[in-house]
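Biologist: Please put the structure up, and then I will ask about it piece by piece.

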Amino acid sequence: MTEAADRIFVNGEVHTLADPDSGGDAVCEAVAVRDGEIVRTGRTHDVELLAGVDTDVVDLDGRVILPGFVDAHTHLTTVGRYLLHADLSAADSPDGAVDLLAERAAEVEREASEVEDPESDDWVLGYGYDESTWDDSRYLTRADLDRVSTERPVAAFREDMHVAAVNGVALDRFADALADAPDETVPTDDDGDPTGVLLEAAIDPIYRAVEPGPAETRAVVEAALDGCAARGITGFHDMVRDSHAPRVYRDLDESGSLTARVRINYWSDHLDAVREVGLATNAGSDMVRTGAIKSYTDGSFGGRTARLSEPYADAPDETGQWVVDPDELDEAVATATEAGLQFTAHAIGDEAVDAVLDAYEHASRTDAGEARHRVEHAELADDDAIEWLAETGVVASVQPNFLKWAQPGGLYEERLGSERTAETNRYRDMLDAGVRLAFGSDGMPMDPLFGVHHAVNAPAESQRLTVTEALRAYTRGAAYAGFDEDRLGTIEVGKRADLVALDASPWECDDAIDDIDVALTVVDGDIVFDGR
């Protein structure tokens, strides 16, 4: 006698998103789950045959069900801090950002008074501003943040985390550290005084100062996990540096309360420690696994620190910066590759992408494609780079939400000019060339449907994907980047029951995919979000 299912989902529009080589995106009505595994798909009538006395029957009422989204690149603790500190993504001007920070400052004062410690040294923090959307398109400065407080340190981080602003209190406190930072990372005014804007390495001492302790890290992670569940995210690859997050993930896993699968990518300055404790790529539990070693090469377009072969359109004397020198990157890639670890490197400008590919080619003792080495972002990959990615099997781990900057008058046009704007984020060209494409968000925002919307509605043909292609990149493609394509990324018998149900079809409203609501999120067969 056939064993009953634990839970069945019926009367839906189930898109398997299977690989074209195995039949493509077959559509059915229902899915049955037992012990967290998909055990049957098909017509509602057939799947209902697995219903027993204790089976939970979930009527989808015509909703679209997809494999759960896997975010191949995020910083979950930063996403959580948006929720616990000032969310500056809502600001529409420098004054708007200051107002949000002032509200947070008042909260900090109240929190300090409640513990009878009015002199508490708590920072006033804000995350996620994007000046490219403002009429007054400029970075926040010391002058702005001094309006928030002249008693407490204040820091505001740009959306890409490659630019920050601090107030006078913070500048004074970190004067020695900033004096040691490269001059180009601490801009000054006409009098030679710091403007409060910090770039790249100059932000590091601020990051270390505001890194939350274990208790706050848990609160931040739990808040962000709630947000993941509400957006259909059933797994993510977290880029972790100097954080308590790995311990939090493992604690939540051990207690059975982790609501998404986590792949931990450790920063390259943790490489020696990773080797010493014997961590290996793909080692771990069903829910928490070790991923790649992560490094930078260049910065960002927002900070004009992405490394370009031609100058910035709005700064003709600038071509960006090396955050990690190519020789240092070569050494890190070689060491990680020799140790059998996957490697993933941030590269945005065309010179930076080439530097990463060179480093992978130099580490020839292990095939870069077999190791599933990755390039993160690859925003300005040229024809040669795309061909190399396709030939070697190196994964392009990219962020379709960045296409929000590709619209006329957007950040890309301001920084690069209109011609190079059309050469950014060339997902159509990559896919057509045979590049392994994995979608993630970088937390800007951490919302797969927002990213899918922009990939489907990209302004240039070289950037634009079909709905099915974009969804595959956020499911099977991202699973592949984490060696998980055999258990995640499609709805097929034998795979884990990580699912998302949507209130509308992305195929039927492809011009408004970012407006679709998530109805259900399922991880390992358990409903972790119910928005019906």
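Biologist: Where is Val148 found?
Modeller: This is a predicted model, so what follows is computed from predicted coordinates. Val148 is buried, because its relative accessible area of 13% falls under the 20% limit. As for its place in the chain, Val148 is found in the loop between α4 (142-146) and β11.

Biologist: How far apart are the C-alpha atoms of Val148 and Arg261?
Modeller: Along the chain, Val148 and Arg261 are 113 residues apart.

Biologist: How many aromatic pairs does a search of the whole structure find, and is the pair of Tyr127 and Phe157 stacked or edge-to-face?
Modeller: The search finds 14 aromatic pairs. For Tyr127 and Phe157, the ring centres are 4.9 Å apart and the planes make an angle of 20 degrees. Planes under 30 degrees apart count as stacked, so this pair is stacked.

Biologist: Which strands hold Tyr127 and Phe157, and how far apart in sequence are the parts the pair ties together?
Modeller: Tyr127 is buried at 0% relative accessibility, and Phe157 is buried at 0% as well. Tyr127 belongs to strand β10 (residues 124-129) and Phe157 to strand β11 (residues 154-158). The pair therefore ties together parts that are 30 residues apart in sequence.

Biologist: Why is the pair of Phe301 and Tyr412 called edge-to-face?
Modeller: The ring centres of Phe301 and Tyr412 are 5.7 Å apart. An angle over 60 degrees counts as edge-to-face, and here the planes stand at 90 degrees.

Biologist: Where do Phe301 and Tyr412 lie, and are they buried or exposed?
Modeller: Phe301 is in the loop between β16 (288-295) and α11 (326-338), and Tyr412 is in helix α14 (residues 411-416). The pair links parts of the chain 111 residues apart. Phe301 has 3% relative accessibility and Tyr412 has 0%. Phe301 is buried, and Tyr412 is buried.

Biologist: How many residues of β10 are buried?
Modeller: Strand β10 is largely enclosed by the rest of the structure. The reason is the count of buried residues, which is six of the six.

Biologist: Which strands pair with β10 in the parallel sense?
Modeller: Strand β9 (residues 86-87) pairs with β10 over two bridges, with Ala86 opposite Gly126 in β10. There are five bridges between β10 and β11, where Tyr129 stands opposite Arg158 in β11. Both pairings are parallel, and the partners of β10 here are β9 and β11.

Biologist: What are the edge strands of the six-stranded open sheet?
Modeller: The order of this sheet is β3-β2-β7-β21-β22-β23, with mixed pairing. Inside that order, β2 (residues 13-15) and β7 (residues 64-67) run parallel and are joined by two bridges, with Glu13 opposite Val64 in β7. An edge strand pairs on one side only, and the two that do so are β3 (27-28) and β23 (526-530).

Biologist: Which arginines lie over the face of Tyr480?
Modeller: One is placed at 3.7 Å from the ring centre of Tyr480, and another at 4.0 Å. In that order they are Arg372 and Arg436.

Biologist: Which residues are joined by a cis peptide bond?
Modeller: The bond in question has omega of about -10 degrees. Its proline lies in the loop between β20 (436-439) and α17 (448-456). The cis bond joins Met444 and Pro445.

Biologist: Is Asp35 buried or exposed, and what is its phi?
Modeller: Asp35 lies in the loop between β4 (30-34) and β5 (37-42). Its relative accessible area is 59%, over the 50% limit, so Asp35 is exposed. Phi of Asp35 is positive although the residue is not glycine, at near 55 degrees.

Technical notes:
Residues are numbered from 1 along each chain as its sequence is written. This is a predicted model: local features need pLDDT of at least 70, side-chain atom pairs count only at pLDDT 80 or more; totals for chains, interfaces and linings use all residues. Side-chain values use heavy atoms; hydrogens and water are left out. Rings of Phe, Tyr and Trp (its six-membered ring) pair if their centres lie within 6.5 Å; planes under 30 degrees apart count as stacked, over 60 as edge-to-face and the rest as tilted. Helices (H or I, at least four residues) and strands (E, at least two) are DSSP runs, numbered from the N terminus. Buried means under 20% relative accessible area, exposed over 50%, partly exposed in between (1.4 Å probe, protein chains only). A charge sits over a ring if NZ of Lys or CZ of Arg is within 6 Å of the ring centre and within 35 degrees of the ring normal. Two strands pair if DSSP finds at least two bridges between them.
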